[in-house]
Amino acid sequence: MDFLQQNWYWAALAALSGTWLMVDMIRNRGDKSQLSPIEATLLVNREDAVIIDVREQGEYAQGHIPNARHIPLGELERRSKEMDKYKSHPVILCCATGNRSSTAIKQLRQAGFEKLYNLRGGMMEWQKAGQPVSKKRK
């Protein structure tokens, strides 16, 4: 008991971080379309998933996931015909933080795509996880 009284701040930090992890786990448990960078890599390797980067040209040129196809969000509807061949494949959408790719998922779901996933945290999380980034234009 003396330990907790003398080190209450460590106990509070442990309780706070544990609570934060539980809330995050519960929040993401129901949404199977959100993938971590590691889960996205596994999906590409195991099921030949296609990665679509919906960021603008300048963002894409600064660095993107290797072999990602670049279709900016504003052009997604117009260029959806070139993506028809991926309707039954797993498709992972990514942007800078995961927000624009969520919008892209809604558009593609309406267009009849079946297996859509969002890279949770986008390129920020991808780079934080130490995943490879390509700078050459595809």
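In which sense do S2 and S4 pair, and over how many bridges? They pair in the parallel sense, over 4 bridges. Keep in mind that this is a predicted model.

**Strand S2 and its partners**
- On S2, Val50 and Ile52 point one way, while Ile51 and Asp53 point the other way; all of them are buried.
- Looking across to S4, you'll find Leu93 opposite Ile52.
- S2 is also joined to strand S3 (residues 69-70) by 2 bridges, and these strands run parallel.
- Over on S3, Arg69 is the residue opposite Ile52.
- To get from S2 to S3, the chain goes through helix H4 (residues 57-62), making a right-handed β-α-β crossover.

**The largest nonpolar core**
- This core has 16 residues, and Ile52, Met83 and Leu93 are the ones with the most contacts inside it.
- H5 gives the largest share, 3 residues.
- Leaving aside residues up to four places away in sequence, Leu93 touches a list of residues including Ile52, Val54, Ala104, Ile105, Leu108 and Leu116.
- Ser101 and Asn118 are also among the residues that Leu93 touches.

**A second core**
- There's a separate core of 13 residues, and its members include Leu43, Ile51, Tyr117 and Trp126.
- Tyr117, another member of the second core, is touched by Leu93.

Technical notes:
Residues numbered from 1 in each chain as written. Predicted model: local features only at pLDDT ≥ 70, side-chain atom pairs only at ≥ 80, totals over all residues. Heavy atoms only, no water. Core = buried A, V, L, I, M, F, W, Y, C linked by side-chain atoms within 4.5 Å. Buried < 20%, exposed > 50% of the residue type's maximum accessible area, 1.4 Å probe, protein only. Contact = heavy atoms within 4.5 Å. Pairing = 2+ DSSP bridges. Right-handed = clockwise from strand over helix to strand, strands pointing away.
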